[in-house]
Amino acid sequence: MGIYEELQARGLIAQVTDEPEIRELINNGGARFYIGFDPTADSLHVGHFMALCLMKRLQLAGNRPIVLVGGGTGMVGDPSGRTDMRKMMTPETIQHNCDCFKKQMERFIEFGEDKAIMVNNADWLMDLKYVELLREVGVYFSVNNMLRAECYKQRMEQGLSFFEFNYMIMQAYDFYHLHQTLGCNMQFGGNDQWSNMLAGTELIRKKTGDDAYAMTITLLLNSEGKKMGKTASGAVWLDPNKTSPYEFFQYWRNVDDQDVMKCMRLLTFRSLEEIEEMEHWDASRINEKKEILAYELTEMVHGKEEANKALDAARALFGAGADSANIPAFEVPASMLAEDGSASVIDLLVAAGICPSKSEARRAIQQGGVTVGEEKVEDLAAALSHAQMEEGVLLRRGKKTFKRIILAK
């Protein structure tokens with residue numbers, strides 16, 4: 001089985017421009033492909049996970065990745081899937097975010113001579129002159145076709161600015177520039193990027209006569225059709241300072257039963273034979289599958305040591321006897337303590353990130369969903385004592401959201 005057939009079997013491929021040519025290219029290690037990442041934050045998140053795993057799979061099969069960070073396109077912002085315009089960032093913020101991306105990507109792909117390379121489209125887009133761009137590129141774009149593109153539909157309802165309208169041209173120009181300077185012959189991206197990617201292949205064909213190809217990968221959706229990678233407190237980040245390794249582990253440990261094997265196929269590097277065997281496991285082993293998924297993805301992103309700590313903490317929480325010290329803790333600052341040294345449970349729920357607001361914390365208590373240790377909290381005025389926090393106590397909302405509450409030293 002070639003890498004193309006494996007991607008098909010894992011359910012990774014959504015759309016392709018020229019299947020026979022793409023199949024031959026990547027199966028023979030002949031693809032010099034790029035994937036773009038706009039630096040809209042200082043960390044990659046679970047939404048980028050599929051692309052990172054795809055780059056790794058293709059590099060292992062002998063193909064060469066080109067990682068494009070959008071220092072230039074980030075100045076505009078991708079309107080795809082948006083109902084509002086993205087916030088404009090300063091050049092300094094964009095550069096900082098680009099630097100953070102590379103550090104995280106190095107866990108997935110190997111950079112170096114004849115290996116993966118990273119480029120920043122600010123290096124060429126920022127030097128373009130407007131009239132020259134109109135003459136060199138704009139002449140090849142039909143406004144009628146652009147307005148029919150899926151990536152603009154939602155923004156059209158709210159009002160698409162001319163500022164954002166240029167994004168497709170910029171992304172197409174990226175592909176053309178990489179083709180001319182680095183011999184890039186393929187672009188990969190999320191399924192919501194299809195229109196932008198086709199624009200790039202067309203621009204290359206019209207300007208050079210060369211063939212270039214595009215393939216979109218399946219979006220990471222749950223069984224309800226919603227994008228995965230979001231929690232009540234926000235995105236699931238790959239940066240351990242934004243989403244701890246334990247929280248990352250718990251996100252995958254708690255995926256819906258129906259999504260476990262799909263995630264195993266799409267994201268892990270277990271063989272298809274192993275995955276097929278797991279699909280025939282008895283239904284009683286669902287938690288074992290979830291633990292395997294969570295451990296392997298946490299190891300991939302954060303390393304073996306952090307994955308082991310997360311596993312130990314999870315088992316401790318559910319009574320498997322491991323060391324509870326690995327459960328993520330919230331250190332209570334002195335400023336939160338009352339005169340008697342206690343701290344309000346409602347305040348702690350919010351400060352520890354267990355509930356997003358005090359009103360949500362009150363509602364959780366009223367619905368019987370908050371526990372301290374093994375005791376259910378029933379009083380809205382409940383507080384943890386100084387002694388409890390000194391020793392360390394588990395504050396939990398439901399079964400899946402919790403922190404060990406300890407006094408700051």
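This briefing covers strands, helices, salt bridges and one surface patch.

The model is predicted, so local features need pLDDT of at least 70 and side-chain atom pairs count only at pLDDT 80 or more, while totals for chains, interfaces and linings use all residues. Residues are numbered from 1 along each chain as its sequence is written, and side-chain values use heavy atoms, with hydrogens and water left out.

- Strand β6 covers residues 213–217, and five of its five residues are buried. Buried means under 20% relative accessible area, exposed means over 50%, and partly exposed lies in between (1.4 Å probe, protein chains only).
- Helices (H or I, at least four residues) and strands (E, at least two) are DSSP runs, numbered from the N terminus.
- Y213, M215 and I217 point one way from β6, A214 and T216 point the other way, and all are buried.
- Strand β1 (residues 13–16) runs antiparallel to β6, joined by three bridges. Two strands pair if DSSP finds at least two bridges between them.
- V16 stands opposite M215 in β6.
- Strand β5 (residues 186–190) runs parallel to β6, joined by five bridges. Here Q187 stands opposite A214.
- From β5 the chain crosses through helix α11 (residues 194–208) to β6, in a right-handed β-α-β crossover. Right-handed means that, with the strands pointing away from the viewer, the path from the first strand over the helix to the second runs clockwise.

**The five-strand sheet**

- An open sheet of five strands has mixed pairing and the order β9-β15-β14-β11-β12.
- β9 (329–332) and β12 (375–376) stand at the edges, each with a single partner strand, so one side of each has no neighbour in the sheet.
- Strands β14 (residues 393–397) and β15 (residues 401–407) pair in the antiparallel sense over five bridges. L395 has K403 in β15 as its bridge partner.

**Helix α10**

- Helix α10 (residues 167–182) has 16 residues and should span 22 Å at 1.5 Å a residue; its end C-alpha atoms are 22 Å apart, which agrees. The expected span is 1.5 Å times one less than the number of residues.
- In α10, 13 of the 16 residues are buried, so the helix is largely enclosed by the rest of the structure.
- G183 follows α10 and has a positive phi, near 70°.

**Salt bridges**

- The count comes to 19 salt bridges. Each is a side-chain nitrogen of Lys or Arg within 4 Å of a carboxyl oxygen of Asp or Glu.
- R285 and E288 meet at 3.0 Å, N to O. R285 is partly exposed at 30% relative accessible area, and E288 is partly exposed at 35%.
- D347 and K358 meet at 3.2 Å, N to O. D347 lies in helix α17 (residues 345–351) and K358 in helix α18 (residues 358–366), so the pair ties together parts eleven residues apart in sequence.
- D347 is partly exposed at 29%, as is K358 at 44%.
- R363 forms a salt bridge with E360, with the closest N and O atoms 2.6 Å apart. The two are three residues apart in α18, separated by about one helical turn.
- E5, E19 and R23 are linked in a network of salt bridges.

**Surface patch**

- Y130, V131 and L134 make a nonpolar surface patch of about 310 Å². Patch residues have over 30% relative accessible area and no salt bridge; like charges are joined within 9 Å, nonpolar side chains (Val, Leu, Ile, Met, Phe, Trp, Tyr) within 5 Å.
- Accessible areas come from the Shrake-Rupley method with a 1.4 Å probe; for residues, only the protein chains shown count as cover.
- Y130 sits in helix α6 (residues 130–136) and is partly exposed at 48%.
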